[in-house]
Amino acid sequence: MSSKEYQILKIVKTLDEADVILKEHNVSKYRTSDLSSSTKYSYRCSNYRKYPLCKIEIQVYVDNNYLTEIKLMYKNVHCHEQRNTTTRAPSPVRELVSNFVQCNLTEVQIKNLLFVNDPTASMSTNQLSNLINYARRKNNPEIFSVYDFNQ
Ligand SMILES: [Zn+2]
């Protein structure tokens, strides 16, 4: 089975028109490539963090010589069939929290560090607290119970 090819989504004349279409499809730019005769902008799911398996891709080609010829191509559609895992934190955050807990950082320190690492991470404070508690319990049951008494 060959992988899906890009298909023409639409051809427009201005970047504003292209922007409207891109917003409608809920995608965000993640790469810009300079090709020999055009510039290619690559877009993927705006909720890519939440749905890392979402494979929608849109590419916008702006011809270097004909700037009013803007071609939008697409591949795949949104795939957000991950309901069972949405309550779980994305794995990179899990890993970070686990590492920070092993360094014996406090909850506040961990939260600050995570924010520095990834200011756009959309995780609620409660979710994060649960994750930190879980990592503590898993890494060191004794330390966890001491924390319990100190709170
Ligand atoms: Zn999506």
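Tutor: Reading from the N terminus, the protein chain goes β-α-β-β-β-β-α-α-α-α, which comes to 5 helices and 5 strands. Both are DSSP runs numbered from the N terminus: helices are H or I with at least four residues, strands are E with at least two. This is a predicted model, where local features need pLDDT of at least 70 and side-chain atom pairs 80 or more, while totals for chains, interfaces and linings use all residues. Numbering starts from 1 along each chain as its sequence is written.

Student: Why is leucine 113 called partly exposed?
Tutor: Buried takes 20 or more other C-beta atoms within 10 Å, exposed takes 12 or fewer, and partly exposed is in between, with C-beta atoms placed from the backbone. Leucine 113 has 16 such neighbours, so it counts as partly exposed. You'll find leucine 113 in helix H3 (residues 107–117).

Student: What makes up the largest nonpolar core?
Tutor: A nonpolar core is a set of buried Ala, Val, Leu, Ile, Met, Phe, Trp, Tyr and Cys residues joined through C-beta atoms within 7 Å. Here the largest has 10 residues, among them Ala18, Tyr43, Cys54 and Leu72. Helix H1 (15–24) and strands S3 (38–45), S4 (57–63) and S5 (70–75) each supply at least two. There's also a second, separate core of 7 residues, including Phe100 and Leu131.

Student: Which residues does tyrosine 43 touch, leaving out those up to four places away in sequence?
Tutor: Leu22, Val27, Ser28, Lys29, Tyr30, Glu57 and Ile58. A contact means C-beta atoms, placed from the backbone, within 7 Å.

Notes: Contact = placed C-beta atoms within 7 Å.
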